[in-house]
Amino acid sequence: MEDTHEVKPDESATSLTGRVDAALDRKGYTTWGLRVRAAVAVVAVTVVAAGAGTFLVDNLTNAFGPDSVCGGAVSADLLNDALGPGKVSDQAFGDGHLRNGSALCMAKVSSGVFGDERSVTVELRKNPDLSVVAQDSEARLFGASANGGASGAAFDHRAWALLPQGCDSGQRVTVRADRGERPGAGKLAALAVSTADRIAAQQGCGTSPMPAPHQLSPAGQDHDLDRNAVCGLPGITVPETPGGPVFRETVTTATDPMWTCLIRSDANPRSSISFTIGTEPRLLLPAPPKDEPSVGRARWIKPDEMVATCQGRPTYFRMDLNGFWDLVPDSKTTWTQFLTAGGKAIGCEPIV
């Protein structure tokens with residue numbers, strides 16, 4: 001037998017209303033005014049909870065933007081990737097235009113109402129010579145041929161990347177983590193390359209955007225100086241120094257976009273000798289050779305720097321003697337050795 005009882009539409013609504021009224025009666029909301037106040041309280045709590053959620057999301061993440069900082073030069077996503085989640089902001093110094101190389105910018109990430117601020121300082125620099133990279137012997141390098149045009153060097157706490165092909169040479173973006181942060185070489189390299197791309201777009205140069213570097217060389221390691229093959233280059237020799245300090249050398253493990261070796265001693269940390277080769281033409285501002293006696297095919301462009309053509313491209317050689325003069329008693333001989341051995345190591349045609 002079929003159940004012929006029909007529930008009218010208003011019966012279920014009436015039943016639900018009755019149950020709500022009974023629940024409110026049990027809680028003491030026995031009058032219309034009290035029930036209105038209860039409803040208002042529920043709405044207020046809901047609004048406060050939603051507002052608190054929005055406040056926390058805005059302070060703990062960058063969900064509400066901005067997409068970039070430092071005048072559009074720094075990607076917020078890559079900044080979060082390097083420094084962790086949080087609200088992204090910036091603080092500019094100078095005229096505020098990184099694309100002109102006349103300013104620097106602090107890109108920040110903060111999370112929570114009590115701060116927890118992390119930051120990197122971003123700058124566009126112009127390199128007049130190889131002295132700016134002579135100390136980078138421990139860097140992890142990434143070369144253009146293996147990284148889609150991206151070229152530079154990275155450490156756990158800082159990195160630099162050259163502007164793309166088609167922009168004026170000698171321009172590099174540097175990013176340096178502040179307050180002891182060490183985001184890692186890979187993340188800082190990606191941030192530096194992205195910033196170089198964005199600055200190139202602002203300058204209206206560069207043939208195409210560069211991808212994040214994926215092939216970084218191992219870091220250079222400190223080891224004892226080999227006096228018969230200085231910096232790992234057979235042909236460069238230095239004399240023995242009986243009773244002198246113990247020397248150590250650190251050499252990059254790759255040669256693109258540059259190669260550098262730094263010789264130091266704990267006995268005199270302020271003194272050093274460095275040999276540097278710039279193999280990427282984008283690395284330096286072009287400088288005309290001087291009308292001075294050359295060494296083979298190499299021509300002087302500065303007192304400590306020479307240029308030679310290698311595989312059809314300008315290649316720069318630099319030797320800095322900041323003390324330890326007894327290791328290089330005859331600089332002309334050492335220069336000849338350096339150009340010969342260094343040129344061979346990078347696949348250059350004979351220079352001397």
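## A buried aromatic pair

Let's start inside the protein: phenylalanine 317 is buried, and phenylalanine 338 is buried too. Here "buried" stands for under 20% relative accessible area, with exposed being over 50% and partly exposed in between (1.4 Å probe, protein chains only). Keep in mind that this is a predicted model, where local features need pLDDT of at least 70, side-chain atom pairs count only at pLDDT 80 or more, and totals for chains, interfaces and linings use all residues. Residues are numbered from 1 along each chain as its sequence is written, and side-chain values use heavy atoms, with hydrogens and water left out.

## Aromatic rings

The structure has five aromatic pairs. Rings of Phe, Tyr and Trp (its six-membered ring) pair if their centres lie within 6.5 Å; planes under 30 degrees apart are stacked, over 60 edge-to-face, and the rest tilted. One of the pairs is tryptophan 300 with tryptophan 335, which is edge-to-face at 5.2 Å centre to centre and 75° between the planes. Tryptophan 300 belongs to strand S14 (residues 299-302) and tryptophan 335 to helix H5, so this pair ties together parts 35 residues apart in sequence. Helices (H or I, at least four residues) and strands (E, at least two) are DSSP runs, numbered from the N terminus. Tryptophan 300 is buried at 15% relative accessibility, and tryptophan 335 is buried at 6%.

Back to our opening pair: phenylalanine 317 and phenylalanine 338 are also edge-to-face, 5.7 Å centre to centre with 80° between the planes. Since phenylalanine 317 lies in strand S16 and phenylalanine 338 in helix H5, the pair ties together parts that are 21 residues apart in sequence. Phe275, Trp300, Phe317, Trp335 and Phe338 make up one aromatic cluster.

## Disulfides

A disulfide is a covalent bond between the sulfur atoms of two cysteines. In this model, a pair of cysteine sulfur atoms within 2.5 Å counts as one. There are four of them in the structure, and counting bonded cysteines along the chain gives the pattern 1-2, 3-4, 5-6, 7-8.

The torsion about their S-S bond is about -80°, so the disulfide of cysteine 70 and cysteine 105 is left-handed. Another disulfide, between cysteine 310 and cysteine 348, has its sulfur atoms 2.0 Å apart. Cysteine 310 lies in strand S15 (residues 305-310) and cysteine 348 in the segment after helix H5 (331-345), so the pair ties together parts 38 residues apart in sequence. Both cysteine 310 and cysteine 348 are buried.

## The largest pocket

A pocket is an open set of points on a 1 Å grid over the protein atoms alone, where a 1.4 Å probe fits, with protein on both sides within 12 Å along at least five of seven lines; lining residues have an atom within 4 Å of a point. The largest pocket holds about 160 Å³ of space, its volume being the space filled by probe spheres set on the points, which are joined across faces, edges and corners.

Among the lining residues are Cys310 and Cys348, along with Thr255 and Arg313. Strand S16 (residues 313-322) gives the most to this lining, with three residues.
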